[in-house]
Amino acid sequence: MTELMPAEGVFSLIWVLIALPLAGAAILLFGGRRTNSWGPYLGVLTVAASGVIGVLMLLGMMQNSPEQRTYGQTLFTWVFSGSFQADMAFQLDQLSIIFVLLITIVGTLIHVYSLGYMAHDDNRRKFFGELNLFVAAMLLLVLANNYLLLYVGWEGVGLASYLLISFWQHKPSAAAAGKKAFIINRVGDVGLSLAIMLMFVTFGSVGFQDVFGVADQASEGTLTAIGLLLLLAACGKSAQFPLQSWLLDAMEGPTPVSALIHAATMVTAGVYLIVRSNVIFTAAEWAAVAVIVVGLITMWMGAIIGSAKDDIKKSLAGSTMSQIGYMITAAGLGPIGYVFAIFHLLTHGVFKAGLFLGAGSVMHGMNDNVNMRRYGALRGVMVITAGTFIICYLAIIGIPPFDGFFSKDDIIHASFERSPIIGILAMLAAGLTGFYMTRMVAMTFFGKARWEDDAHPHESPKVMTIPLIILAIGATFLGMALVYWGNIESWLEPVTGVETVELALPSWVYELTTLVLVLIGAAIAWVSYARRDVPVEAPHGSWLTRAAREELYGNQVNDALVVQPTYYTSRLLVWFDNKGVDGFVNGSAAFVGGLSGRLRRYQTGFARSYALSMVGGAVLVVLALVLVRMS
Amino acid sequence: MTTFPWLTTLGVVPLVGSVVVALLPRGRGLLAKQVALFFAVLTLGLTVAMALQFQGDSSEPFQFVESHPWIPTFGISYSVGVDGIGLVLVALATTLVPIVILAGWNDVDEDGGRGTVKGYFALILVLETLMIGVFAATDVFLFYVFFEAMLIPVYFMIGRYGGVQRSYAAVKFLLYSLLGGLFMLASLIGLYVVSAQLTGTGTFDFLTLTGLEIDPGTQKLLFLGFFFAFAVKAPLWPFHTWLPDAAAEAKPGTAVLLIGVLDKVGTFGMIRYCLPIFPAASEFYAPVVIGMALIGIFYGAFVALSQSDMKRLFAYSSMSHFGFIALGIFVFTSQGQSGSVVYMVAHGLSTAALFLTAGFLMARHGGSSAIADYAGVNKPAPVLAGFFMIAALSSLALPGLISFIGEFLVLLGAFERYLWVGALATVGIVITAAYVLRLYQRTMTGPVKPELEGMHDLRGREITALVPIAALTIVLGIFPAPLLNVINPAVDRVMTSVGATDPTPTVGLGTTVEGTDK
Amino acid sequence: MNPSNYVVLSAVLFSIGAIGVLVRRNAIIVFMSVELMLNAANLAFVAFARMNGNLDGQVVAFFVMVVAASEVVVGLAIIVTIFRTRRSASIDEPNLLKY
Amino acid sequence: MSALASAVAVVVADEGTPFDLPSINYSAIAPILIIFGAAIVSVLVEAFAPRRARRPMQLVIVIGSVIAALVVVISLAGTRLVTAEGAIAIDGPALVMQGTLLVVSLLGALLMAERGIDPLGDAFAPRASTLPGSEDEKQFTQRGYLQTEIWPFFLFALTGMLVFPAANDLLLMFVALEVMSLPLYLLAGMARRRRLLSQEASLKYFLLGAFSSAFFLYGTAMLYGFSGTVSLVGIADALSAKPSEGALVAIGMALLLVGLLFKVAAVPFHQWTPDAYQGAPTPVTGFMAATVKIAAFGALLRVLYVSLGGMRWDWEPMLWIIAVLTMLVGSIVAVTQTDIKRMLAYSSIAQAGFILVGVLAVSPEGLSSSMFYLIAYAFTTIGAFAVVSMVRDANGEATHLSKWAGLGKKSPLVASIFAVFMLALAGIPLTSGFIGKFGVFTAAVASGAVWLVIIAVVASLIAAFFYARVIVLMFFSDPGPDTASVVVPSTFTTIALAAGATVTIVLGIVPQPVLELVSNAGIFIR
């Protein structure tokens, strides 16, 4: 366990990192229309300022020795009862700072981009407010020093995601998608809640330092349970199997949202959670295996879905699922993989943001049409967009020297270090990545123009292209920088630990094989979608294509297994409530009323019948007394 | 410790206000509202002044204690005092009353209704007095008197000022509550007789009663009467069916006071009276109560999912929430019980936010509470939709809001004691999210209904009523220490009186979290 | 003769009176049946006075006679009024008050 | 031995010896004598005073005598003696009940004296002897004839009531019963409007009352046969001396109790109540509902506690069942009533059941709590009937409940007061009814009658339904064309109503003085 450094100097500003965008969100959301004119710029500024502080902190951190790079800041005791205590306290370490920088820098770029993208939206101010809220929550998630506070950030990003997915609320599909995302995430939250509770019951604390300090004393069963629960949480937030189905619907949100939340940052929170809890997963082997299985399944599902979707955003979303599957797989590998999970997360954050923003730029020029079958040959009219998109494309499929190459190859390596099966699956998925990404690029920028009649494609304004360019630069150099210049492995080592296992073959064999597979995939796609004409109407396709278009029937399964039974139960209980429970209550009242109606009939109005009842009563009284006396 | 009779003053002020309002001439509706608001705000001010003098770490079980003999023949005294639990609930009541008055400003008009404007506001103030009394009483008989007397103003508020089915709802409410109350009366009498047998002179003094060593068999009988009354009041499954009707027919303001504060008396009674006076019986019945609570959590949520009426939905949702509260109380952990009390406050606030916002919405569309009558409200009335969102989030216990702290502590407390109970209850949060967001989706989003185009957004008065609720929900969620500081010692005392201790962690560890040196 | 026979007789008379109240419709006869019951009680009192060897029972009998007489006054007044109103002394006829 | 019997015995046994005067403590029975004397004067006034002077004179006599008697009762506080050769017991309970009876009677007298409500005069027929609907009746009505014969009846009835709970032997009790009842039978038949109903009520009340008296008397005869005495104490002694004797005691006790339970309107001896209450003129209903219940329970309590106390194990099960039946039948049947007076009649049956719960405690607490309940009930009831007499439409009193719809909007104050009475009868806290119920239930639980109390609780709930229903009608319904209006009464009714309401609320909030009074009254003297 590392010693916490007091938060002094620039590190005393940890809370400010969160407070800035939070204040921005509060001002924009509660300030109402009067902030319409300047609000969006304030939104950009707060995130940028946090970014600057983040960079300063990184610099400050680098001046300390690796063991002294964990800073703690406690504001006040937050929740306390009995022996339970959770503080409003933050922890900044090598892992958090990576996220801080990713969130704030990519966040700033996307904010800037949104200035252009959302320029004509009436609710632009609200959009920026919610975007700021997201940044604040995400920062809280990665800076919290205990699981309960992490949960606040966790749910906060979920809220922001919900709000932003259904930003265009007048579209019923958008509203429904937001709701779906939130509810599925809640399933994950159950996992997180239970994990937190189990930690408290086991360790008596929910603070990172406390839990990790004594984790090894707990039984493996308990640790496995905690691990599986955390995995459930991660599945929800990171759209992993079986909680993956919300992510594709989430593309209903504005494209910058898809870029920031549903590609670069929020969906990777699950990876953060697993890596942050590495102590637990390292000690709970079966939980780690489960993580790998989930990662692999999702990796493939995402890739398959991404290969069949004609909607550019949904195809990218499939890709996101798949890439996060890589990260999750890596995170499940143990100390040999944690670092690479984060590495890939970082590079993915950059290039996927670039891809999404590029897609947004394309849509911007195409009247918000998302159907790639209506694109084609756009490289001529959108030069910058096409250029940056292609750079990011090269990064994602893992062509050296773009950053995806380094991070993905590391994961494939690590997979082989663990088991050849995992390695081969990961490697083949890389080939699939080559296929679907090439398909996307080909359909969008190459081939013949299949534009709709009223489409007048044009390049986006500078406010949108400049972030694209910056991200493309990042996608080009980040990988190299983190491998050759500042070694991410040694940077993260104090947090995650690092382990290497000797492989059977020299490493270039794996690299080359992967590359070849990618190129094969890319070539198939190129032949199919750039050389041949792409029909405007989607062909019927094979069963696999159709299944992939249906997102591998994830929604249908959910519907049949969960949604419909829930509604049946609900209706059944409503019926029971009305007829059974309320029926009993009203029935009792009706019974008394009916009894009353019957009894009053005995009051016949005939004096003689009254006399009879008196005589009868008298006889009974006599009998009663006689009987009592006899007995 | 001051000797100023804080609690009596607190109770008398709204009563005086009520009399003043009632004596105003008919037709001076505006003046009646203003006077009522003045007295309500005055009461709130006094509450704040009192709360500031409350000593969280005091060793006395009750503070601001007053005691005068009332009916010595039966050992009854006028004794009031609050512990942390009582204090926060009194504060909840006095906070919500001015808000409800402000929010219900135009709910009653002089010509349309059966009752007068001043009548409605006078009833609210009477109710406030009784609510303060019920939370402040430390004599069980006095508590009972307030407990039952509260029914009457609410009965009139529903029956006179409610919707179409108001009479049915009001009578159902009254009789169901009375049924509970009368069984409690039977137990109360039994308790008195038992105390007379054990101490020589019968008494209703709470502290004396908690010190009695009542035979467990007797406890089990007496417990039932008390618990039944509280379970009806709260309401727990299956004693809940009065609530949807009452909530659906009542004015939003009435519903807020009814569900937000009054029903808390049920759960308050459980933690204040059932547990300390009948520790053995509480332990004996805990599995049953926990079962009822669990069923209630899911039952309420599932039924809420299919409701087509907003107010009924809120009612079933409350039932689900009350399941959580009861669960927290009966798992006998300090987290569970502290959580329950926090939950009570949080639920009061979220109910208020939901009902009032929905009330504002309904007032803009002919008073209809059918969900199907609304769609896309977000467009014409974004501020309203925003408050509705906050209310909804508060209801589904979004972390960062006060309701989360209550819910989490309750679940944690349950989980600690009975792992599977806690785990099962946690699943409930998914369904909660489902019905809350479904409601939001149906009413606030989508294409605007043509007849809702041009709907006015919230105005100053309405916003003023909602802002304090929203602010408290958020601020207390981030900084709940003012609540927890006073609640925890009271809960500790309850724990001591039932002889329960928290389970200890399986892996030994200090109780501090990194970065604090408490 | 054994005085207890008088008691039995009084019981028989009381029962006859009670049955008379139940079976007869004419208010006068019903009323007479009530008087019969009172007098059955009187007979019992007197018989018991004899058996117990004190005079209380006989005294009571006198009181009861007086009371019965006043009852007759009141009763006849009521019955006559009803008869005048309804032209009938049947006690089943006034049957407006019921249920 | 009764006074006269001993006198006669002296004459018979000791021929020639001077007449032994019975020892009578006149001051102790002064209240009774005052009212009795006033009654006789009142008859004389009817006979000799000119028509116009009668009413003022009668009112002076009635009010003056009642107040005088009340003053004497108060001055007798603490008295505890048996006088008139053991025939009358003036003890705490007797004085409490006499005092209550006098106060309540005063309120009843005020209701009966009211002439401001009915435009035709008062609640009573100008000539009870005229045929309903006849020319005579119209004539008398047109001429504005008003009868004052009600006052002697009132005073005689009151005399009987005062004696009834104080009677210490069964003969006197029987006489008191008759003195109390006979005038009431007549008063019940004197209504100005709906005379057919009134006469019917009178007839039924009379026939059944006489029938029950016969039972009472025959029961007395049996007990006399068993014990050789009609004195309550003597019977008690005989019972403890010869505990094993069977049928005679059982029959005697049973028939005696039938007579008393008839007067308190316990099921199954209750059926006269709704008819008599509905048909009688409303002021009379209020008067008799409140006072007869007190007097009869006073007598019942004395008989059970003093005379049959040793036999409690014999009669408790029987009375237990009767109490349960009374509570349940009264409450349940009231639920579907449509006439307010009839509903209040059934309510009074249910209330009798609740008081029986207190009686069944068979303890000093049972006695005092029953007395408290009676006091609370009497004031509430008389107040409620005062309101009933004020709610009218063109045809007189609007007793059908449908005509009460929306009354709360039309006359908020009177409706609110009536609502308070309803809540009190339902036993809602902060009203006298609640303390009353609390007291009797507590006494019963302390005696171990837990199940009785639980049944009582259920009955209370059913009862609450119909009380609540009246409030629903008055306040939660909109006034319609049929809605009656509240007539503003004169001072008489106003005072009665105010007193009823005040006592109802005050006894709910500060019951301690009265609780002390009834518990200091102690137990019956033996």
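In this predicted model, strand 1 of chain B (residues 63–71) pairs with strand 2 of chain B (residues 76–82). The pairing is antiparallel and runs over 6 bridges. Within it, B:His68 lies opposite B:Tyr78, a residue of strand 2 of chain B. The two strands form a hairpin with 4 residues between them. In this hairpin, B:Gly75 adopts a positive phi near 65°.

Chain B also touches chain D. The contact involves 37 residues from chain D and 37 residues from chain B. The size of an interface is often given as the accessible area lost when the parts come together. Here, chain D and chain B bury about 3,300 Å² between them. Carbon and sulfur atoms account for 79% of that area. On the side of chain D, the residues that lose the most area to chain B are D:Lys409, D:Phe438 and D:Phe476. Together they make up 22% of what that side buries.

The rule finds 0 salt bridges between chain D and chain B. It does find 5 residue pairs in polar contact, with both residues at pLDDT 80 or more.

Several helices build the side of chain D that touches chain B. Helix 16 (407–410), helix 17 (412–426), helix 18 (432–446), helix 19 (450–476), helix 20 (491–509) and helix 21 (512–520) of chain D each supply at least two residues. Helix 19 of chain D gives the most, with 13 residues. By class, this side of chain D holds 27 nonpolar, 7 polar and 3 charged residues.

How values were computed
Residues are numbered from 1 along each chain as its sequence is written. Chains are lettered from A and ligands numbered from 1 in the order in which they are written. This is a predicted model: local features need pLDDT of at least 70, side-chain atom pairs count only at pLDDT 80 or more; totals for chains, interfaces and linings use all residues. Side-chain values use heavy atoms; hydrogens and water are left out. Two strands pair if DSSP finds at least two bridges between them. Contact means heavy atoms within 4.5 Å. Buried area is the accessible area (1.4 Å probe) that two parts lose on being put together, summed over both. A salt bridge is a side-chain nitrogen of Lys or Arg within 4 Å of a carboxyl oxygen of Asp or Glu. A polar contact is a pair of N or O atoms within 3.5 Å; within protein, one must be able to donate a hydrogen and the other to accept it, and residues adjacent in sequence count only if both atoms are side-chain atoms. Ala, Val, Leu, Ile, Met, Phe, Trp, Tyr, Cys and Pro count as nonpolar, Asp, Glu, Lys and Arg as charged, and the others, Gly among them, as polar.
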